[in-house]
Amino acid sequence: MGNEILRMEQITKIYPNGVMANKEVNLFVNAGEIHALMGENGAGKSTLMKILFGIEPKDSGKIYFKGKEINTQSAAETIKLGIGMVHQHFMLVESLRVYENVILGMEPKKGLFTDKESAIQLVKDMAKKYNLNVDPMAKVSDLSVGVKQKVEILKVLVRGAKLLILDEPTAVLTPQETKELFEQLILLKQNGHTIIFISHKIKEVRQICDNITVLRGGRYVGTMPVADSTEEEISRFMVGRDVVLKVNKSPAKFGDVLLDVQNVSYINQENKKVLNNVSFQLKRGQILGVAGVEGNGQNELAECIFGFYKNVQGKIIFNNQNILEKSIHDIRTLGISYIPEDRIKTGVAKDVTIWENLVSDRIDSKELKQKGLLNGKKIRDMTKKLIADFAILCKNEDQQAGMLSGGNMQKVVVAREFSANPELLIANQPTRGIDVGANEFIWKKIVEQRDAGKGILLISADLNEVMELSDSILVMCDGEPAAYFENSKDITEYELGMYMLGIKKQTEQERRGA
Amino acid sequence: MTIKKNAMTIVEILRTMVAIFCSLLMVFAIILLVSDQPVSALRDFLIGPLTSVRRIGNVIEAMTPLIFTGLSVTMLYRAGLFNLAMEGAFFIGAVAATAGALLFDLPPVINLVVAMAFAMIAGGIVTFIPAILKVKCHANELVTSLMLNYVCLYLGLYIITAFFYDPQMNSNYSYMFADSMVLPKLFSKTRINTGTIIALVTVFVVWLILNKTSFGYKVTLVGKNDNMAKYSGIHAGIVIIGSQILGGMLAGLGGSVELFGMYQRFQYQGLPGYGWDGVLIAIVARYQAKYIPLAALFLAYLRIGADIMSRNTDIPFEIVKIIQAIMIVLISAQAILSKYRQKLVVKEAKELEEMGEKV
């Protein structure tokens, strides 16, 4: 054990909306190590780092840095202490040049003006020292994601950070870029820097980290040296059970075609063609998983079907009717439900009660009314039943939806969409960032719907989810279908990745014939 | 089942109380500092309105138009739009009511009803303009409605001068209304009239619309998260336009009730300001129809108290404006009680946590 550089003790954080993001979390980091902070989405990793960085106030707990207790109130203070953070979403000014971004806020001065020469020289020197290969004069908007990340790291180093926090740095990188990043991180370590590496990818962590701290559901699970642990052990700690989630389902019984998407193309408001000639069919009793790297048109595909956009080309036939250009209201009436990707922006209204969230799609229904007026008792009875059926953990139906945890908020969405009794359910990232229990529950409900002869279109960035839950898989790449597999067991995760990245692509015949 | 008010509601109510209390406290301090007769000033201000039947009547009379504009603002803002055209709608409502009263010669009550219907339609048209511009052209309703108020003022004055001007009057007043157009008085010694009853009935109707109809539900949902409302299959544009028209109709009706209750002819030379007061009332009532009469009563009481004080002592009436201003600032200051709020939130979250562990 080396000497400790950072000690976070018993940190608890409850957000103003009532979500307990951290509960008595510990994090002890030794000087000169690469320390992994692991956990699934929503485990509280980012919150813990925001607290350390002074962006979010903590509700209780203590933080010691280099043996002294610190209590910073802003990022600027924390940076001064020598802690730097590379955010998951880059904090760069796109229209400025690299060196301008790096020195922003600490410009070397020559009289009243910025000393451009020495600024560029400074950036060049630092880049050379840490082998971060960037051109100081390049415009940030012209750079690839990997290079932007280097600029971020450079920014942190120039400000004299000894402790670097990298928030899911590899999430946006290609395998080659990841490899390069790791080499740089090891170089930094050799130079005496300490790194906190946030990730949920076990393989990467085992490659470069010394110790691992695991969080689960906002709580501290444990810390262990990488050398002494196996992948299985780590994953058990993260997930809270032995293996990754499995789902029990009987073989699929496909019925007739429910949804027939024909040559759908869509150009978005930024004038980018996000869907290009997409065609596929979905049958009753089928879970069709749509796999793909995020931002390859999956979300737009779901929203097209559900009537979010105008000016969509092609045809979407649902139950022998073209539903393109119909309003969301009409599409819902025809029997389609949708679990949207972003539950906070679209799925629920945070500031209103749970019951109000549960009836938003059926407020005009006669079942909730008496003599033309809304009937409080009928509404309450229905919402109470939904809360019970879908095991939504809340005080009562009058609680604000924003007070619920992510998993329970998602259950509110799921309860509303499933209880509408749809023929077709579009589930867009149905389990993103929620706890394992809720995840399992939602999967079970989806399989139940399939067995009842409904069609499910499952869109997910989580490969495990797509592989486990789907009967058939459609791979999207660059707004086009790249591959289709009638039986999801015909393809391995590795192969799926090849199609997702556009390395392989099926011809139209292959997709039809498969 | 006992419905427990959730923590947020409690904090909101407390914040309103704190704001009212602090603003009054500051005004007392000002009075004590500047007045030569602070004791009698404070007495007039605080209990003056209760000292005679006429004064109590004055409070109720002052409350009536405030109820209408308070309801109007509640309706307008529930949909998430900062439409300020209720001021113009109130004024145009009075103008349209004048037209309705002077143009026709219908049987007594019917003519009154027609004139009020005129006022409601006119008010609805006024607030519809910023709404349709918002929905169709994404024009900021704050800007359009604020400007529209001046259009309303000068259009209204033009209509009165051009068509209803009574040449016997020195000022720009309309002809006198028929006696049957005046709302009957309820009590002797006061000018309290049936307009107050109309106001209270309107409160009930608005409460019913907002809380017991699917339209009211939709208005709230669109106001809180229009994305989610649209995704739920609600036509947000229609809901917004409907709510804005309704809000304008309430203000317009208020204009006609005030006109027929308190005046014999149209006498406004400028915007009367009841619309602006409506904003304060709606904020204090936390956009809940049922609290509007209370908030309106409160403001009316302050007004009459200040009026009495200004007539008897050296403190001017404008002191009320200070109270209003401080109250708005304090109520909209989110930071007040935020620590207490966080404490309640933490408590609630921990309770839920424990519930979860038991399951």
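1. B:Phe118 is partly exposed, because its relative accessibility is 30%; buried means under 20% relative accessible area, exposed over 50%, and partly exposed in between (1.4 Å probe, protein chains only). This is a predicted model, in which local features need pLDDT of at least 70, side-chain atom pairs count only at pLDDT 80 or more, and totals for chains, interfaces and linings use all residues. Residues are numbered from 1 along each chain as its sequence is written, chains are lettered from A in the order in which they are written, and side-chain values use heavy atoms, with hydrogens and water left out.

2. Over all chains there are 23 aromatic pairs. Rings of Phe, Tyr and Trp (its six-membered ring) pair if their centres lie within 6.5 Å; planes under 30 degrees apart count as stacked, over 60 as edge-to-face and the rest as tilted. One of the pairs is B:Phe28 with B:Phe45, which is edge-to-face because the planes stand at 80°, with the centres 6.5 Å apart. B:Phe28 belongs to helix α1 (residues 7-34) of chain B and B:Phe45 to helix α2 (residues 38-47) of chain B, so the pair ties together parts 17 residues apart in sequence. Helices here are DSSP runs (H or I, at least four residues), as are strands (E, at least two), numbered from the N terminus. B:Phe45 is buried, at a relative accessible area of 2%.

3. B:Phe118 pairs with B:Phe104: the centres are 5.6 Å apart and the planes at 80°, so this pair is edge-to-face. B:Phe104 is in the loop between α4 (86-103) and α5 (108-137) of chain B, while B:Phe118 is in helix α5 of chain B, so the pair ties together parts 14 residues apart in sequence. B:Phe104 is partly exposed, with a relative accessible area of 34%.

4. One aromatic cluster takes in residues of chains A and B: A:Phe306, A:Phe308, A:Tyr338 and B:Tyr231. A:Arg332 lies over the face of B:Tyr231, 4.8 Å from the ring centre. A charge sits over a ring if NZ of Lys or CZ of Arg is within 6 Å of the ring centre and within 35 degrees of the ring normal. Within chain A, the charged end of A:Lys411 sits over the ring of A:Phe441, at 5.2 Å from its centre.

5. Strands β1 (residues 4-14) and β4 (residues 60-65) of chain A run antiparallel and are joined by five bridges; two strands pair if DSSP finds at least two bridges between them. A:Met8 has A:Ile63 in β4(A) as its bridge partner. β4(A) is also joined, by three bridges, to the antiparallel strand β5 (residues 68-70) of chain A, where A:Lys68 is the bridge partner of A:Phe65. The hairpin of β4(A) and β5(A) has two residues between the strands, and A:Lys66 there takes a positive phi near 50°.

6. A:Gln184 is in helix α6 (residues 175-190) of chain A and is buried, at 5% relative accessibility. Leaving aside neighbours within four places in sequence, A:Gln184 is in contact (heavy atoms within 4.5 Å) with A:Tyr130, A:Asn131, A:Leu132 and A:Lys150.

7. Chain A as a whole has 18 helices and 24 strands. Of its 514 residues, 54% are buried. Along the principal axes, the C-alpha trace of chain A spans about 75 × 55 × 50 Å.
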